[in-house]
Amino acid sequence: YFWIFLQLAKSKFLLLPFLIFFSGLLDGVGIVLFFPLLEKLRTGGEGSQGTILKSISSVLDALHMNSVGGILIFLSAVFLIKFLFQFSYRVASQWISLDLYRTMALRLVEGWSNADYASVYLQTTTGYFTNIVSRELRTFLGAFQHYMGSLVGFFFILSYISFSFFLVFT
């Protein structure tokens with residue numbers, strides 16, 4: 001499906017995996033940032049920290065945000081940027097869906113207009129072409145939306161698993 005959508009939508013389609021990937025990455029970073037926040041709330045910043053919490057704390061120290069308020073502000077900023085990537089993905093997805101609809105409808109109309117009158121028009125009912133344009137194009141666009149939803153799920157699962165391995169092995 002990737003190659004079909006890439007051929008029809010051209011380079012605009014390559015924007016979507018990029019937006020999805022960074023949205024999933026920011027989601028993973030946001031989830032990882034909950035650990036130092038919970039540690040600060042649980043112990044008040046004192047106590048034993050694991051290596052991952054120490055490294056996150058050092059990054060937050062460098063940004064002068066190693067307090068509960070600072071972590072919350074940083075966490076909010078990460079999720080705000082994630083929202084912007086998600087919103088951009090949804091807008092781009094709708095834009096590409098509209099473009100795919102136009103492209104496929106134009107191809108259908110051109111193909112239909114080039115058809116032989118005697119073999120096509122006399123042997124089909126009047127609703128046949130309308131049925132193709134309305135139902136089949138919507139099915140095609142539904143397949144595109146479903147494919148994009150699968151890509152979103154894949155990148156988010158990949159992000160969660162990657163951050164899980166990162167947390168376990170550090």
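Mentor: Start with the accessible surface (Shrake-Rupley method, 1.4 Å probe; for residues, only the protein chains shown count as cover). For the protein chain it comes to about 10,700 Å², and 69% of that belongs to carbon and sulfur atoms. This is a predicted model: local features need pLDDT of at least 70, side-chain atom pairs count only at pLDDT 80 or more, and totals for chains, interfaces and linings use all residues. Residues are numbered from 1 along each chain as its sequence is written, and side-chain values use heavy atoms, without hydrogens and water.

Trainee: How many helices and strands does the protein chain have?

Mentor: Helices (H or I, at least four residues) and strands (E, at least two) are DSSP runs, numbered from the N terminus. Here there are six helices and zero strands.

Trainee: Which residues form the nonpolar patch on the surface?

Mentor: Like charges are joined within 9 Å, nonpolar side chains (Val, Leu, Ile, Met, Phe, Trp, Tyr) within 5 Å. This one has Ile31, Phe34, Leu38, Leu41, Val68, Leu72 and Tyr160, together about 590 Å² of accessible area. H2 gives the most, four residues.

Trainee: Is Ser23 buried or exposed?

Mentor: Buried means under 20% relative accessible area, exposed over 50%, partly exposed in between (1.4 Å probe, protein chains only). Ser23, in helix H2, is buried at 2%. Leu72, in helix H4, is partly exposed because its relative accessibility is 40%.

Trainee: What does Ser23 touch?

Mentor: Contact means heavy atoms within 4.5 Å. Beyond residues up to four places away in sequence, Ser23 touches Lys82, Phe85, Gln86 and Phe156.

Note on methods:
Patch = residues over 30% accessible without salt bridge, like charges linked within 9 Å, V, L, I, M, F, W, Y side chains within 5 Å. Salt bridge = Lys/Arg side-chain N within 4 Å of Asp/Glu carboxyl O.
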